[in-house]
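Open the model in your viewer and keep the selection panel at hand. Each stop below gives a selection and then what is there.

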Amino acid sequence: MANDTERSGTPGAARRVLAPLALAQFICSFAGSNMNVMITDISTDLDTTVQGVQVAITVFLLVMAALMIPGGKLTDRYGRKRCFVAGLAVYGVGAVLSAVSPGLGVLILGNSILEGVGTALLIPPVYILVTLLFTEMTSRARAFGVVMALGGVGAAAGPLIGGLITSAISWRAAFVFQALVILVIIVLARRLEDPLPADPTRHFDTVGAVLSSAGLVLVVMGILAADNNLWLMLGLMVAGAALLAWFFGWVRKEEREGREPLLSTSLFRVRTSNLGLVTQNVQWLLLMGTSFTVATYLQVVRGYDAIDTGVIFTAATVGLLASSLAAERLAERRSQRTLVMAGFVLSVAGVWVLIGLAGGNDSAWAFAPGLLLIGLGLGVMLTPSVNIVQSSFPEDRQGEISGLSRSVSNLGSSFGTAIAGTILVAGLTANAYAAAMIALAMLALLGLGAALMLPRTPAPEPVP
């Protein structure tokens, strides 16, 4: 196996390789949260409702989750760099279309569909290339730390940056900003080299891709329907569960007949990786659920504008940046298991502080301590969770596990927005805000439980 010096060259070359990958994760995470502070502006400008904007945000996250596994598999067939650049191009078109959208339908097409598809194509190569280019455990952890830090900052700072742009110019300018960042990444990506050759003959499981994507879409759409029609919710979720069961049956059939399925069942035979995936899912559920709930409550119930809402979220950004910058030093002193556990403890404490202080205080700054704790907690545990999962498999499985890992994380984001958002939008009162945050805290405890079951020391070698 080549070492990092052989693959990345000098430290400067390694930074040049890492720059477009980390920036890509930043802009995709930014896209998932920046619309939260534009809810009032978008709903007024496009003559829609808060629920309509919630649907647009959730569908974006859902499209990413549903297509991330197929996106990861396509990297083996067409190459990591080619998929990365193609995803950037699709994303850029979606951002421009969103900027000029005359109504909610076009916004959903540009932001939710095209940006979602573009993200599903470009994100798996980010994690695959980091794993392939940084083969030594410490340098890989450092590289993942940079990528996850920018991803977390994109999600946490999205409300602030989006709020600044919206207040100074327009919510449409925020999508122009995304398109410009995409252009910068495309230019930087010219220096990227794919360590592994593409294999055009590699089988792609189209049936599996359709079944898995449709199943996930129906389940999340069922959650969104909960506040309108319980029977529709039940029908959608049952149909989604049936399609997902069909998908796993199809996967087993493909494996028995010697063909390569979309998602190998062997990926779920590594206990450490399974637990790491659970922690990833809950982390992003907590981050995006909190972001949507607090931002919506501040704007719709308390009447704050985009910039005021964004400034309040600075506390989460500061916390996430502080713990992310300390991630390398923390990793040298504490195990990945300990860091993930500590992250969940801090985050759950932050949620309860948000409920306790913000519920009985009229000042917007009552939200700052809780958001700071959540930011600190997420910054501590995002990188260890990713490293736990990616490092559980050898190079030839990175396409599969990267797609699965990103799909699970983005599914957590869509669950967080759908579950907390549905509870909040159903009432839009202080009690509904508290109920949504309590639901997030309870789900975060599931993540803590999974972290407690992680092994105290990592396996010495990846599982084949």
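**Before you start**

This is a predicted model: local features need pLDDT of at least 70, side-chain atom pairs count only at pLDDT 80 or more, and totals for chains, interfaces and linings use all residues. Residues are numbered from 1 along each chain as its sequence is written, and side-chain values use heavy atoms, with hydrogens and water left out.

**Stop 1: the lead-in to α4**

Select D47. It sits in the loop between α3 (39-45) and α4. Helices here are DSSP runs (H or I, at least four residues), numbered from the N terminus; strands are E runs of at least two. D47 is not a glycine, yet its phi is positive, about 55 degrees. Is D47 buried or exposed? Its relative accessibility is 73%, so it counts as exposed. The cut-offs: buried is under 20% relative accessible area, exposed is over 50%, and partly exposed is in between (1.4 Å probe, protein chains only).

Now select T49 and G52. A side-chain oxygen of T49 comes to within 3.0 Å of the backbone nitrogen of G52, at the start of α4.

**Stop 2: along α4**

Select residues 50-78. This is α4, with 29 residues. From first C-alpha to last it reaches 40 Å, close to the expected 42 Å. The expected span is 1.5 Å times one less than the number of residues.

Centre on M68. Here α4 bends by about 45 degrees, and a proline, P70, follows within four residues. The bend is the angle between axes fitted to the seven residues ending at a residue and the seven starting there.

Colour α4 by accessibility. Of its 29 residues, 23 are buried, so α4 is largely enclosed by the rest of the structure. Then step past the end to G79, which follows α4 and has a positive phi near 100 degrees.

**Stop 3: α4 against α6**

Two packed helices are described by the angle and the distance between their axes. (Axes are lines fitted to C-alpha atoms, for helices over the stretch in contact; angles run from 0 to 180 degrees between N-to-C directions.) By class, the contact of α4 with α6 has 18 nonpolar, eight polar and one charged residues.

**Stop 4: α8**

Select residues 171-188. The 18 residues of α8 should span 26 Å, and the end C-alpha atoms are 27 Å apart, which agrees. Its buried residues include W171, F175, V181 and I185. At the start of α8, a side-chain oxygen of S170 lies within 3.1 Å of the backbone nitrogen of R172.

**Stop 5: a loop serine**

Select S266, in the loop between α10 (230-256) and α11 (271-301). S266 is buried, at 19% relative accessible area. Its side chain makes a polar contact with the side chain of S264, at 2.7 Å. A polar contact is a pair of N or O atoms within 3.5 Å; within protein, one must be able to donate a hydrogen and the other to accept it, and residues adjacent in sequence count only if both atoms are side-chain atoms.

**Stop 6**

Select G319, in helix α13 (residues 314-325). G319 is buried at 0% relative accessibility. L320 is also in α13, and it too is buried, at 0%. Which distance separates the C-alpha atoms of L320 and L376? They are 4.9 Å apart, though 56 residues separate them along the chain.

Finish on V380, in helix α16 (residues 368-390). V380 is buried, at 11% relative accessibility.

Note on methods:
Ala, Val, Leu, Ile, Met, Phe, Trp, Tyr, Cys and Pro count as nonpolar, Asp, Glu, Lys and Arg as charged, and the others, Gly among them, as polar.
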